[in-house]
Amino acid sequence: IVQIGEVVGFDDNGNGNISDLNASLRLASGSDPVNVSQASYTISSPTGSATVVNGNEDVNNDTITHYQEQGLEGDTSVLKDQEDLLIVGIDLVEENGISPLGESETVKLIIQSPAGGQTYKELKTPRNIDDNASYIL
């Protein structure tokens, strides 16, 4: 199972909304290694609709980007130890079925691991979103 740490949302298009999310992922205590490229992400909107996003950055490279931060070897997206840290970037503009997040919206980010485990984090956008700014959600 993967733990979701800090999630940073930012306005990458200058429209005063959250167009991109960067979620920090670590391996949960006692978990077997997880290939994050085989995970999927569900983003639920404030209206109750949900979109499932393929987590493979090679297949879904318009939407998903992996940034190796700590402990990962080579060009891998496999979390093997609790010290491993991977940032997953999700472009909300490029993914069909989800829109950039507006001010004062609440959404859920759910990660389904390949083995079936899942974890989620509820995110709330700020009341005022400035153009080209970033926020911890």
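**Close-up views of a predicted model**

**View 1. Four strands make an open sheet, in the order S5-S4-S9-S10, with antiparallel pairing.** At the edges sit strand S5 (50–54) and strand S10 (118–124), each of which pairs on one side only. Going from one strand to the next, the twist averages 20°. Keep in mind that this is a predicted model.

**View 2. Zooming in on the S4 and S9 pair, we find antiparallel strands joined by five bridges.** Strand S4 covers residues 40–44, and strand S9 covers residues 106–112. Which residue of S9 is the bridge partner of Thr42? That would be Ile110.

**View 3. Here is strand S8 (85–91), with both faces covered.** Leu85, Ile87, Gly89 and Asp91 are buried on one side, and Leu86, Val88 and Ile90 are buried on the other. Seven of the seven residues of S8 are buried, so the strand is largely enclosed by the rest of the structure. S8 pairs with S2 in the antiparallel sense over six bridges, and six bridges also join S8 to strand S6 (residues 64–70), again antiparallel. Look for Leu21 with its bridge partner Ile90 in S8, and for Thr65 opposite Gly89.

**View 4. Now for the largest nonpolar core, which has 30 residues.** Leu21, Leu25, Tyr41, Leu79, Val88, Ile90 and Leu109 touch the most other members. Strands S1 (2–10), S2 (20–27), S4, S8 and S9 each give two or more residues to this core, and S2 gives the most, with four. Nonpolar side chains tend to be buried together in soluble globular proteins.

**View 5. Finally, meet the surroundings of Leu21.** Leaving aside residues up to four places away in sequence, Leu21 touches Val7, Val8, Gly9, Val88, Gly89, Ile90, Leu92, Leu101, Leu123 and Leu137.

Conventions
Residues numbered from 1 in each chain as written. Predicted model: local features only at pLDDT ≥ 70, side-chain atom pairs only at ≥ 80, totals over all residues. Heavy atoms only, no water. Pairing = 2+ DSSP bridges. Axes fitted to C-alpha atoms, helices over the stretch in contact; angles between N-to-C directions. Core = buried A, V, L, I, M, F, W, Y, C linked by side-chain atoms within 4.5 Å. Buried < 20%, exposed > 50% of the residue type's maximum accessible area, 1.4 Å probe, protein only. Contact = heavy atoms within 4.5 Å.
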